[in-house]
Amino acid sequence: MSQTVTATRALSYLEDGKTLRSWLLTTDHKRIAILYALSITVFFFIGGSAAALIRYNLITPEGALRSAETYNRLFTMHGVIMVWFFLVPAAPVTIGNFVIPLMIGARDLAFPKINLMSWYLFMAGGACALYALFAGGVDTGWTFYAPLSSNYAQGHVVAVVAGIFISGFSTIATGLNFVVTIHRLRAPGLTWYRLPVFIWSFYATSVIFLLATPVLAITLVLLSFERIFHVGVFDPRIGGDPLLFQHMFWFYSHPAVYIMVLPGMGIVSQIIPCFSRKELFGYKFVVWCSIAIAVIGFFVWGHHMFVSGQSPYASIVFSLLSYFVAVPSAIKVFNWLGTMHKGRIHFNAPMIYALGFVGLFTSGGLTGLFLAALAADVHLHDTYFVIAHFHFIMVGGMVSAYFAALHFWWPKITGRMYPETIARGAALLMFLGFNFTFLPQYILGYLGMPRRYHSYPPEFQVLNVLSSAGASILAAAYALPLFYLTWSLFRGERAPRNPWRATGLEWTTDSPPITKNFLVTPTVTSGPYDYNDPHTKLADV
Amino acid sequence: MIWKLLPDASSSAWETDGLLAGLTLVTGAVLLLVFWLMLVYAIRYRDDSPIDRGKIAEKTFRFEISWTIATLVIFFGLFVWGADLYARLSIPPKDADQIFVVAKQWMWKVEHPGGQKEINALHVPVNTPIELVMTSEDVIHDFFVPAFRIKRDVLPGQYETMWFTAELPGTYHLFCAQFCGTDHAAMIGQVVVQTQSDFANWLAQNGTSGTLAQQGAPLFIRYGCSGCHSGNGTVRAPSLAGLYGSPVPLSDGSVTTADDRYLRDAILQPKRQVVAGFDPVMPSFAGVIPEEDLIRLIAFIQSLSPERPR
């Protein structure tokens, strides 16, 4: 982007090039983050529409959609889109992409062209999956269990799998980029223990991207071979083992849970100290808990298979390890509470979203203890209890954290302030709507309602109707930010450099930042949460 | 009410409910603590609260250590509780009555030892340990009885077992819990728990042309098993009399037990576990013998060990 005018003020990244071409061929991490943000928002609303139809179907015991086939394709689409095209990439490729270089005082990621390539891979994978899902779809569930997916299911299994396979390379590229950037491009003086927990969390996430995603790729290739050539890896009739698929699938898909939630932990570790005006409690513990989660998270996949026919001895070991992986998460929750203790707490929208994350993540994590307890899992496995549990973690927790980050860095990203009052209202509505939707599902699960049921015995109707009612509130809460954030792009108040008086290098540059992020490379001389002036007031509180 | 919707109908249901209650108490207490602290801090330490913050804790180390250890201890307790019950659920009692279950898209086929057949229903007597020996003809299914608090995946190509003792006569839901294709939600049925006399009546009324073992005897000849295994054939093969439930020395030096799973594998994949002292000459019967005939053959082989009640 050649600058023909020698301006006295450097152009912000938003003004530096106005053509479509300047966006589609950009290598600026900030612009790529915007491209990603727009794409995943589209995927979020497609996946959300599928969820709305699912909840609509479950209002009546015989299934309001009439066709079981349609319902099965809908929940598969919901799962595939939400997991691979929203939850896994959401925080890293948007928030991480935008904030990481700014936070460490770098001009860009280490490999800007690979960053752009990853967006194109993501879009290619997304197009492939969307084509398949709309051209007829698949009815395997997002888990693609063999031999159902390999030999029995109708539909475009291979095309959907190919879409996931391609987008997997996009996340691998992003992970690689982050790891190298965090190792190589930190500003002078920014030692490892001066890094914000946000950076540590995204670092841990990137390592999981790099180590787990290739296993998913292998699994999906084998599944496609099985389906096209009948090679007999998973099909027991020709000597394959259906449990092998589950082992390989969960070896990726369990760490993928931490891909989704670790960034959320990083995000709230920035927001809670800022709005409590206090240093993060137990910084080193929080840092090493992130690493511990990433490491132990690789050894707990078998807890998805307690009733699958895997050896009971393996199940017992996986149960114990699953309890171990929950310990660092619990420690983090206590540290966030410790940060609030004796702070000066401001309730801006990012803080409300962050507290929503802490509450919902804790609830979801604690119900994980039920599923890690072997005999309890024998009853609860594959029921709505599991659905409620992982939606608390991923939707209640992760989506809250994503919105927290979006509001927190919105002034930095767009140069505009969002409307505070309505944003607080949306944050509260999201928390309430979420609980209203998913709390009844815990009870449904205990009562034995299996997941992925198009129709169900009539005694489950009351709770299902309650859940669907909650879902309509939740849908409204998700639509609100779409409107007021869009409004703020045009009518929002101009944002100052540092509206939250937050620490961190990203707040020392312009809002929105200039293309090169910093005019002078900053030098760091202190820790990441230096909120030692207790009487600082936030700009607008 | 919830407790009316989901009765405790098996011997383990009470124990699972106890575990679930324990978990609910622990998580409820932690959740209460977290939300209560958030609320208290939000009010006490809100920005315009004039309260004296005093000295902020500098040494965080001892807090970290204490809540880490507390969490570990509680979690370990929950782990042991859940694992103990699971381990006991994994081992069926020796005197359990066997019932065979064959799943397919989208129905449950049940075969009683007396030859009675049912579809999408399972009749069992009260207070009798029952072991289900289950397999699938196509994809993975899952036999789930919420009133018993148990479920187990039913896989193609192998036997999975699950046991229970029903304690409360009544009719309960049977669900397929593993997504198995289009009509997954229609793959449901009933588990009918009857008193001993009602169950005996039911068996008598649904009597057939013979027990599974009796039906297996002609199959044993038709599939050619008797040619080698009946003792007077030309090929030297292990005798099957008294085999079921006894230890079998294998050619690789190890010893296994001749249970249902072993017999199934020995028929379908005979070269995998060859009996010590014999040549691996038996051909595979995979794809030749359908699941329902396999059940009858195994029942027949079981009947050759009369001293074992199973």
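Reader: Which residue forms a salt bridge with B:Arg296?

Author: Bear in mind that this is a predicted model, where local features need pLDDT of at least 70, side-chain atom pairs count only at pLDDT 80 or more, and totals for chains, interfaces and linings use all residues, while side-chain values use heavy atoms, with hydrogens and water left out. Residues are numbered from 1 along each chain as its sequence is written, and chains are lettered from A and ligands numbered from 1 in the order in which they are written. A salt bridge here is a side-chain nitrogen of Lys or Arg within 4 Å of a carboxyl oxygen of Asp or Glu. With its closest N and O atoms 2.8 Å apart, the partner of B:Arg296 is B:Glu111.

Reader: How many residues apart are B:Arg296 and B:Glu111?

Author: Helices (H or I, at least four residues) and strands (E, at least two) are DSSP runs, numbered from the N terminus. B:Arg296 and B:Glu111 are both buried, where buried means under 20% relative accessible area, exposed over 50% and partly exposed in between (1.4 Å probe, protein chains only). The pair links helix α8 of chain B with strand β2 of chain B, at a separation in residues of 185.

Reader: Are A:Asp382 and A:Arg451 buried or exposed?

Author: These two form a salt bridge as well, with the closest N and O atoms 3.7 Å apart. A:Asp382 lies in the loop between α12 and α13 of chain A, and A:Arg451 in the loop between α14 and α15, 69 residues apart. Both A:Asp382 and A:Arg451 are buried.

Reader: What separates A:Glu69 and A:Arg73 in helix α3 of chain A?

Author: Their side chains meet in a salt bridge at 2.5 Å, N to O. A:Glu69 is partly exposed at 26% relative accessibility, whereas A:Arg73 is buried at 18%. Because they sit four residues apart in the helix, the separation is about one helical turn.

Reader: Which residue is linked with B:Asp8 and B:Asp17 in a network of salt bridges?

Author: Side chains of opposite charge can pair when their charged atoms come close. The structure holds 17 salt bridges over all chains. The residue networked with B:Asp8 and B:Asp17 is B:Arg149.

Reader: In what order do the five strands of the open sheet in chain B run?

Author: Two strands pair if DSSP finds at least two bridges between them. The edge strands, each pairing on one side only, are β4 and β7 of chain B. The pairing is mixed, and the order is β4-β10-β9-β6-β7.

Reader: What is the bridge partner of B:Phe144 in β9(B)?

Author: Strands β6 and β9 of chain B pair in the antiparallel sense over two bridges. In β9(B), the bridge partner of B:Phe144 is B:Phe175.

Reader: What is the relative accessible area of A:His407?

Author: A:His407 is found in helix α13 of chain A. Leaving aside neighbours within four places in sequence, A:His407 is in contact (heavy atoms within 4.5 Å) with residues including A:Tyr353, A:Tyr418 and A:Trp500. A:His407 is buried, so the relative accessible area is 0%.
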